[in-house]
Amino acid sequence: MLYYFYDGSFDGLLTAIYQAYYRGETPSRIVAAGDFQESLLAEKVYIRTETEQSQRVYVSIQTKISRQALRNVFYVYLSELPDAGTWIYEYLRLGWKIGKEFDRMLSDGRVLRVHKISQRVNGERHRMMGLIRFRCLEGNIYYAPISPQYNIVGLVIPHFLDRFPGQNWIIHDVNRKIGVFYNGETWSLGDMDLENEIELSNGEKLYQSLWKEYFKSIAIKDRVNPKLQKRNLPVRYWRFLIEKGQ
Amino acid sequence: MELLDKLKILADAAKYDVSCSSSGSNKKNKKDGLGNSCYSGICHSWADDGRCISLLKILFTNHCIYDCTYCINRVSNAVPRATFTPDELVDITINFYKRNYIEGLFLSSAVLKNPNYTMELMLEAVRKLREQENFNGYIHLKAIPGADNYLIERAGKYVDRMSVNIEFPSERSLKLLAPQKERETIIRPMSFISSKIIEGIEDKRKYKKAFDFVPAGQTTQLIVGATPDNDANILRLSEALYKRFSLKRVYYSAYVPVSSHPNLPSISAPPLVREHRLYQADWLLRFYGFNAHELLNETHQNFDIDLDPKCDWALRNIHLFPVEVNYADYELLLRIPGVGVKSARRIIASRRFGSLDYADLNKLGVVLKRARYFITCKGRYYGGINMDVHSIKEQLLINAKNSRSLDSGEQVSLFSLYPDLLSTGDKLSSITGEL
C-alpha cells in the first residue's frame with residue numbers, strides 16, 4: 001500500500017497527481033497531511049507542492065479532458081472530505097484514459113462518486129447565495145458570518161460582486177476563519193478572525209425587525225409544516241439567519 | 001401608522017398568493033446598479049409552512065372595492081387595513097435586498113378606488129425602484145384586472161414577470177364567488193401581455209437596443225377546492241393557458257377556508273393532496289410530453305388521491321408496458337413511473353457505454369419502488385409480481401403507504417412538486433430550481 005500526502009492545498013493535490021504519473025506509481029490513497037490516521041502497513045510519500053507541476057496537471061485536465069471535469073475536481077476538493085484526494089485521482093485517471101466523454105459513464109462508481117459530491121458542493125454554493133445575511137455595521141460595511149459545510153466561500157464571490165458592486169461587504173466563514181473582503185473596487189480572500197464585537201449601524205435593528213415580522217406574517221397558519229421547513233432549510237444553517245436567530 | 005404594522009398587515013394579506021419564484025430572468029447588473037438576477041432563481045428562506053421565500057411578497061394596499069366571497073380582503077370583511085406609499089415600499093425593498101434577505105419584489109394589490117388608480121400607484125413604486133434606485137433585481141408585478149392596457153404596457157417595461165390571477169377554472173364559479181369580476185377582464189390582460197411578449201422578442205431580433213418586455217414571462221394562479229370544478233376541467237384549462245398564452249407557470253392554491261358563506265364549501269382543512277396531484281400533472285404536461293386528455297377525461301374526471309397521476313396513467317395503459325430501459329427512446333422512458341427528466345437523460349447518456357444492469361438504474365436516480373413494475377432490464381422483469389393492473393396497484397399503494405408513515409410531510413412537500421424528478425441524491429440540486 002502506497003500513500004501520498006500533500007499539504008492540503010489544491011496545488012498540492014495536483015502536484016501529487018503529477019508525481020504519481022511521472023514516478024510510474026499508483027498510490028492507493030492521496031490524502032491531506034492533517035486528515036490522516038496512522039496506518040502501519042502503508043508506505044508513505046510526502047509530496048512537496050510545486051506550482052509548475054500542478055499548473056501542468058491543471059492545463060492537462062482542461063485540455064485533455066474538459067473544463068467540466070476540472071470544475072468537478074475543484075468542487076470535490078472543496079468538499080474537504082478525507083477521501084476527496086483519492087477519489088479525484090481515480091476519477092482523473094479514468095478521464096485521461098477515455099477522454100471527455102467519460103463524464104457520461106454514470107454507472108461507473110468513480111465517475112458517479114465525484115459527480116455526486118461535486119453536486120452537493122454546488123448545491124451548497126447555490127443555497128448560500130440565498131442564505132447569506134448581511135448586517136449593516138457602523139461605517140456602512142455589510143458583514144455576513146456563515147458556517148457552511150463545505151469550503152464554498154470563494155465560490156460565491158462572483159455572484160455578490162455582480163450583485164452589490166457599490167457596497168462594502170465581507171463574507172466571513174467563521175469556522176474556517178477565512179473571509180472575502182470587498183471595498184467597492186477590489187476584493188480579496190484571506191484569513192479572518194474577529195476579535196472585537198461587531199457594532200451594528202443605527203438603522204440595522206429596524207430592518208432586522210421588519211424582516212422578522214415579514215417572515216412571521218407570510219406563513220399560512222393552516223399549512224404549517226415544520227418538517228418541510230427543516231428539510232428545505234436544515235437547522236445547521238439557522239445560526240446566522242436573522243429570521244431564525246435570537 | 002408604524003411601518004412595522006403596515007408590513008405586517010400587507011404581508012399577511014399577500015400570503016395566499018402562491019408564486020414566489022424568482023426564476024426565468026438572467027440579468028447582469030448595470031453600471032452603478034444594485035442587483036442582478038439568476039436564471040434559476042434563488043430561494044432565500046423557508047417560512048413556517050415550508051414554502052420558499054424568494055421575493056418580498058406584499059400588497060400595495062388591502063383596501064378593496066370588491067366583495068369577492070373567497071377573499072380575505074373583501075370589502076365586507078372586518079380586517080385592519082393599510083396602504084404603503086411608493087417611497088416606503090422602495091425603502092423596504094432596497095434595504096432587504098442589500099442585506100440579501102430577498103431576490104426582489106413581488107408586488108400585488110387589492111383594488112383601491114379603481115383599477116387604474118391602483119395600477120398607477122404600483123407602477124410608481126416600480127418606476128422609482130428601477131430609475132431612482134437603479135435597482136436591477138427581480139420584480140414580479142401583478143396586473144390589476146380592468147386596468148388600461150397602456151398602464152400594463154408601461155409596467156411591462158420595468159418588471160421581470162407579470163401575472164393575472166385567473167382565480168377560478170370556470171366562468172360559472174367566478175360568477176358565484178366574485179360576482180363583480182368578469183372573466184373577460186381577466187383574460188384580456190393575459191392575452192395583451194402575451195402578445196406584447198411576442199412582439200418584444202421580435203423587436204429584439206431586429207434592434208439590439210429593444211428592451212425586454214416581461215423577460216421572465218407571465219404566470220397565473222387558480223384556487224382549488226372552493227368550487228365544484230373537477231380536476232379534468234382544471235387541467236384542460238392549464239393546458240390551454242400554456243398553449244395559448246405561453247404561460248411560464250400555472251399555480252394551484254388549495255382553498256384555505258377564510259370565511260363562511262353559503263356559496264363556499266365548508267371544509268376543515270385545505271385540500272393539499274389534491275393541490276399536489278395537480279402540480280404533479282402540471283409537470284407531466286410541461287416536461288413529460290403528456291396531454292391533458294391522456295391523464296383525465298370524461299370517464300376519469302379526477303385524480304386518484306392515493307396514486308400519483310403518472311402511475312395512475314400507466315395502470316390505465318398497462319398494454320404499453322413493460323418497457324425495456326436499454327432500448328426505449330427518451331419519450332417512452334419519460335412515461336415510466338419512477339423515471340424523471342434527469343434519470344431519463346442519464347439513462348440515455350450512460351447506456352452508450354454498454355447496456356445497463358438493474359443495479360445501475362438505482363445509481364442513475366430511477367425510483368425503483370415504482371419503476372420496477374413497468375420495466376424490463378436486459379429482457380428481465382424485476383417486478384416480482386404478476387404484471388397485471390390489480391397486483392401492481394396494490395403493491396404501489398402499499399409502498400406509498402409505507403413511505404408516508406415514515407415521513408408524513410411528504411405529500412405536501414415542495415420537492416414532491418417535481419414528480420419523479422428527484423431521487424434522494426438529487427434533493428440538493430432541486431433547490432437550485434433548475435426547472
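Chain A and chain B bury about 5900 Å² between them. Of that area, 58% lies on carbon and sulfur atoms. Keep in mind that this is a predicted model.

Who takes part? Chain A gives 54 residues to the contact, and chain B gives 71 residues.

Five salt bridges are counted between chain A and chain B. Take one pair: B:Arg352 with A:Glu101. Their closest N and O atoms sit 3.2 Å apart, and the pair forms a salt bridge.

Which helices of chain A supply at least two residues each to the side that touches chain B? They include α5 (109–131), α6 (157–163), α7 (204–217) and α8 (226–232). The largest share comes from α7(A), with ten residues. By class, that side of chain A has 25 nonpolar, twelve polar and 17 charged residues.

Next, inside chain B. Helix α6 (residues 183–206) packs against helix α7 (residues 231–245), both of chain B. The angle is about 40°, and the axes are 10 Å apart.

On the α6(B) side, the residues are B:Arg183, B:Ile187, B:Met190, B:Ser191 and B:Ser194. They meet B:Leu237, B:Leu241, B:Arg244 and B:Phe245 in α7(B). By class, this contact has five nonpolar, two polar and two charged residues.

Conventions
Residues are numbered from 1 along each chain as its sequence is written. Chains are lettered from A and ligands numbered from 1 in the order in which they are written. This is a predicted model: local features need pLDDT of at least 70, side-chain atom pairs count only at pLDDT 80 or more; totals for chains, interfaces and linings use all residues. Side-chain values use heavy atoms; hydrogens and water are left out. Axes are lines fitted to C-alpha atoms, for helices over the stretch in contact, and angles run from 0 to 180 degrees between N-to-C directions. Helices (H or I, at least four residues) and strands (E, at least two) are DSSP runs, numbered from the N terminus. Contact means heavy atoms within 4.5 Å. Ala, Val, Leu, Ile, Met, Phe, Trp, Tyr, Cys and Pro count as nonpolar, Asp, Glu, Lys and Arg as charged, and the others, Gly among them, as polar. Buried area is the accessible area (1.4 Å probe) that two parts lose on being put together, summed over both. A salt bridge is a side-chain nitrogen of Lys or Arg within 4 Å of a carboxyl oxygen of Asp or Glu.
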